[in-house]
Amino acid sequence: IIHYITLNLSTMPSKWRVHSCLRKNLLTILTVTGVFAGVALGIFLKESNKGEWNPRDISYVKFVGDLFLSILKGLILPLAIFSLVAAVGSLDLSLSKKIGVGGIIFFAFTTLSAIILGIILALAIRPGLSREMSWQGQSDTDPTTVQDTLMDLIRNMFPPNLVQATLEHYRTKLILPAGKFGNSTPSLRDYEMIEHWETGTNYMGLIVFSISLGITLTRIGSRGRSLLDVCQGLSDCIMILINWVIWFSPVGVMFLIAGEILRIEDFGAVVKSLGLYLGTIVAGLVIHGMIVLPLLFFLLTRKLPFKYTGNMMPAMAMAFGSGSR
C-alpha cells in the first residue's frame with residue numbers, strides 16, 4: 001500500500017499535486033473550517049456577554065444557518081423523487097433485479113454489523129452508567145412495542161395520500177386508559193391504540209412510490225420515455241440548485257454551530273456528562289467507517305479503498321456539519 005501511494009505521488013509534480021488536492025477537496029476544507037469557526041464564534045459571543053443568552057438572540061445568530069438548512073431540506077424531497085424515477089426507469093429490469101437483491105443484502109449486512117458493533121461498544125464502555133444519575137420516579141412517557149413499530153413501517157411504505165406523505169408520517173400511539181387498572185401495572189397490550197399522524201416527511205412511502213413508478217414506466221416502453229426525460233431533466237436542474245446551496249454550507253454551518261454553543265449553559269458540564277456517550281459514538285463511527293466498510297469494499301472489489309473513501313469525504317463533511325443541530 002505504501003509503495004503504491006508513493007509511486008503515484010512521485011509521478012506528479014509537487015505544485016500540481018497541491019493544487020489538485022486543494023481544488024478537489026476545497027468544499028470539504030471550507031466546511032470543516034466552518035465547523036471550527038462556528039465553535040470559535042460561539043465561544044467568543046458567549047464570553048463577550050456574560051449574561052444568559054435568550055432564545056430570541058440565539059435565533060438571530062442561527063438565522064443564516066436555519067435558512068441554509070431550510071433551502072437544503074426543501075430540495076431533498078423533489079431530488080429524491082425525480083432522481084429515483086429517472087434512475088429506476090432507465091435501468092434494465094433484469095439487471096435491476098440483480099442490483100436490487102445485491103443492494104438489499106449489502107445494506108442488511110452492513111446494518112447488522114453496525115448494530116453488533118454498537119452493542120459491543122455499549123457493553124464495553126457502558127456510557128449510560130453513572131452513579132450521579134438516578135432513574136427513580138421516571139417513567140416511559142412514550143411507550144411502544146416492536147410489533148407496532150414494524151407495522152407502522154409497513155404502513156408508511158404505502159401512504160393513503162401522497163400529498164399528505166410529504167408532510168406527515170403515521171405512528172401508532174399507545175394511551176393508558178384512565179382509571180381502568182387502578183394501582184395495578186398494565187402491560188403494553190392493555191394500552192389503547194390511537195392512529196396518530198406526526199409532522200415529518202414520509203420518505204419511505206415516497207421512495208416506494210417513486211421506485212414503483214420508475215418500474216412501471218419501463219413496462220410501458222416508448223410511451224413512458226417522455227415522462228422519464230422530464231424526470232431526468234428536473235433531477236439535473238435540482239442537482240445544480242443543490243450544488244449552489246452546498247457552496248453556501250461553510251457559512252451556514254458556522255452560524256448553526258455558533259447558535260448551538262450559545263444554547264449550552266455550562267459547556268464543561270455537558271462534556272463531562274456526555275463524554276463517554278460521545279466517545280462511544282465516535283469510536284463506533286471510526287471503527288465502522290474506517291475499518292469495517294473499507295475492509296468489506298476491498299473483499300468485494302479487490303481494490304484499495306483509499307480513493308473511494310477520499311471521494312466520500314465531501315459527503316461526510318457535509319453530514320457532520322449540517323447535523324450540528
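1. A search of the whole structure finds five salt bridges, a salt bridge being a side-chain nitrogen of Lys or Arg within 4 Å of a carboxyl oxygen of Asp or Glu. The structure is a predicted model, in which local features need pLDDT of at least 70 and side-chain atom pairs count only at pLDDT 80 or more, while totals for chains, interfaces and linings use all residues. Residues are numbered from 1 along each chain as its sequence is written, and side-chain values use heavy atoms, with hydrogens and water left out.

2. One of the salt bridges joins Glu 260 to Lys 62, with the closest N and O atoms 3.1 Å apart. Because Glu 260 lies in helix α10 (residues 249-263) and Lys 62 in helix α4 (residues 55-89), the pair ties together parts that are 198 residues apart in sequence. Helices (H or I, at least four residues) and strands (E, at least two) are DSSP runs, numbered from the N terminus. Glu 260 is buried at a relative accessible area of 16%, and Lys 62 is buried at 9%; buried means under 20% relative accessible area, exposed over 50%, and partly exposed in between (1.4 Å probe, protein chains only). Lys 62, Glu 260 and Arg 263 are linked in a network of salt bridges.

3. Within helix α6 (residues 146-157), Arg 155 and Asp 152 lie three residues apart, about one turn of the helix. Their side chains meet in a salt bridge of 2.9 Å, N to O. Arg 155 is partly exposed, at 33% relative accessible area, whereas Asp 152 is buried at 7%.

4. The side chains of Glu 198 and Arg 171 also form a salt bridge, at 2.5 Å from N to O. This pair links distant parts of the chain, with Glu 198 in strand β2 and Arg 171 in strand β1, 27 residues apart. Glu 198 is partly exposed, with a relative accessible area of 23%; Arg 171 is buried, at 18%.

5. Aromatic pairs number two, where rings of Phe, Tyr and Trp (its six-membered ring) pair if their centres lie within 6.5 Å, and planes under 30 degrees apart count as stacked, over 60 as edge-to-face and the rest as tilted. The rings of Tyr 170 and Trp 197 have centres 5.3 Å apart and planes at 75 degrees, so the pair is edge-to-face. Tyr 170 belongs to strand β1 (residues 168-175) and Trp 197 to strand β2 (residues 192-199), and the pair links distant parts of the chain, 27 residues apart. Tyr 170 is buried at 9% relative accessible area, while Trp 197 is partly exposed at 31%.

6. An unreviewed UniProt entry lists residues 25-45, 67-89, 101-125, 241-262 and 274-300 under "transmembrane region"; such annotations may be inferred rather than shown by experiment. In the model, residues 101-125 are 100% helix and 0% strand, with end C-alpha atoms 36 Å apart. Residues 274-300 are likewise 100% helix and 0% strand, with end C-alpha atoms 37 Å apart.

7. The mean pLDDT of the protein chain is 79, and 78% of its residues reach 70 or more; pLDDT is the predictor's confidence in each residue, from 0 to 100. Over residues 131-140 pLDDT stays under 50, and the model has one contact beyond four places in sequence for them, contact meaning heavy atoms within 4.5 Å. Where pLDDT is low, the predicted coordinates should not be read in detail.
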